[in-house]
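Welcome! Open the structure viewer and follow along as this briefing takes you through the fold, topic by topic.

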Amino acid sequence: MARVGRHERQSWTLAVLSICVIAGFLFVAASINSDGTDLRPAGGDVGSLLKERSERIADRRDDARELRSDIDSLSAGVSGAALDDYRDRVAKLEPPTGLTALHGPGIRVTLTDAPKSVNPEGVDPNLLVVHQQDIQAFVNALWAGGAEAISLQGQRLISTTGIKCVGNTVVLDGVPYSPPYVIDAIGDKTSMNDELSRSPETTSYRVYVQAYQLGLKIETLEDIHITAYDGPVSLGFARATSS
């Protein structure tokens, strides 16, 4: 019986060894075929991923817009003095809060990264790309100059809009965008241009434009179209405080 046990253990050991050798051969073969790279890259093409995510969010926004339209149609069929009063108050608040589309004269600002050919030795690469604070600087200057409506990448900006920098892209209301970044603003062109010229933050950006060829283009247009904000308007974290 002892001899049989030893024979079984030896057979089992040889079987495990054979499996390990075969697995190792397969790993080596895969590595050679892939030339040391992943056979299935995890990240994929960044541009394609950004486009796919943007399209997916756009589809969801379209669905939400249709649902809001259905709700408005159903609400319009309900009558009552108090309800009519609330409707009038909401209608008056929609333009200043960004819930209606507008058009008129204004300014377009386009910000772009430095060309890839620009690579000064010893310079931090972060200085060669447009960041969230750069976009925010121009947006704030336009608001200070009396802008009545502003959009970024065609998306309406309102008081609760968040602009975040993620890697070399900017995320606006959950949608990632890559440069060039286009900011449209409707309002008094002279006043907004004056504020863009004297803002310390936009002036700082102009220094990098001269030093590292970051892109900056400012245009005055006679008719800019800015869409209505179609995202959520409710606050998710803010709470009213007692006075």
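Valine 166 sits opposite threonine 169 in β5. Keep in mind as you look that this is a predicted model.

**Around strand β5**

- Strand β4, residues 163-166, pairs with β5 in the antiparallel sense, and four bridges link the two.
- Together β4 and β5 make a hairpin with two residues between them, and glycine 167 in the turn has a positive phi of about 65 degrees.
- β5 also pairs with strand β6 (residues 175-177), again in the antiparallel sense, over three bridges.
- In this second pairing, valine 171 stands opposite proline 176 in β6.
- The hairpin of β5 and β6 has two residues between the strands, and there aspartate 173 has a positive phi near 50 degrees.
- Which way do the residues of β5 point? Thr169 and Val171 point one way, Val170 and Leu172 point the other way, and all are buried.

**The five-stranded sheet**

- Five strands build an open sheet with antiparallel pairing, in the order β3-β2-β7-β1-β8.
- Strand β1 (residues 102-112) and strand β7 (residues 181-186) run antiparallel and are joined by six bridges.
- Within that pairing, isoleucine 107 stands opposite alanine 185 in β7.

**Helices on the sheet**

- Helix α5 (residues 189-198) packs on the sheet and touches β1, β7 and β8, with its direction at about 25 degrees to that of β1.
- Helix α6 (residues 200-212) packs on the sheet too, touching β1 and β8, and its direction makes about 125 degrees with that of β8.
- The two helices α5 and α6 also pack on each other, at an angle of about 65 degrees and with their axes 5 Å apart.
- That angle makes α5 roughly perpendicular to α6.
- Leu196, Ser197 and Arg198 of α5 meet Pro200, Thr202, Thr203 and Arg206 of α6 in this contact.
- By type, the residues of the contact of α5 with α6 are two nonpolar, three polar and two charged.

**The nonpolar core**

- In soluble globular proteins, nonpolar side chains tend to be buried together.
- Here the largest nonpolar core has 31 residues, and those with the most contacts inside it are Leu111, Ile135, Leu142, Ile150, Leu152 and Ile183.
- Two or more residues of this core come from each of β1, α4 (132-144), β2 (149-152), β5, β6, β7, α5 and α6.
- Which element gives the largest share of this core? The answer is α4, with five residues.
- Take a closer look at isoleucine 150: leaving aside neighbours within four places in sequence, its contacts include Val139, Leu142, Trp143, Ile183, Ala185 and Ile226.

- As background, most residues other than glycine have a negative phi, and most peptide bonds are trans.
- Proline 179 and proline 180 are joined by a cis peptide bond, with omega about 5 degrees.
- Proline 180 lies in the loop between β6 and β7, and its relative accessibility of 44% makes it partly exposed.
- Although proline 180 and threonine 112 are 68 residues apart in sequence, their C-alpha atoms are 4.6 Å apart in space.
- Neighbours within four places in sequence aside, proline 180 is in contact with Thr110, Leu111, Thr112 and Gln153.
- Glutamine 153, in the loop between β2 and β3, has a positive phi near 55 degrees.
- Glutamine 213, in the loop between α6 and β8, has a positive phi near 65 degrees.

**The whole chain**

- In total the chain has six helices and eight strands, and along the sequence they follow the pattern α-α-α-β-α-β-β-β-β-β-β-α-α-β.
- The chain has 243 residues, of which 26% count as buried.
- Among contacts in the chain with a separation of 6 or more, 77% are between residues 24 or more positions apart.

Terms used
Residues are numbered from 1 along each chain as its sequence is written. This is a predicted model: local features need pLDDT of at least 70, side-chain atom pairs count only at pLDDT 80 or more; totals for chains, interfaces and linings use all residues. Side-chain values use heavy atoms; hydrogens and water are left out. Two strands pair if DSSP finds at least two bridges between them. Contact means heavy atoms within 4.5 Å. Axes are lines fitted to C-alpha atoms, for helices over the stretch in contact, and angles run from 0 to 180 degrees between N-to-C directions. Angles under 35 degrees count as roughly parallel, over 145 as roughly antiparallel, 65 to 115 as roughly perpendicular and the rest as oblique. Ala, Val, Leu, Ile, Met, Phe, Trp, Tyr, Cys and Pro count as nonpolar, Asp, Glu, Lys and Arg as charged, and the others, Gly among them, as polar. Buried means under 20% relative accessible area, exposed over 50%, partly exposed in between (1.4 Å probe, protein chains only). A nonpolar core is a set of buried Ala, Val, Leu, Ile, Met, Phe, Trp, Tyr and Cys residues joined through side-chain atoms within 4.5 Å.
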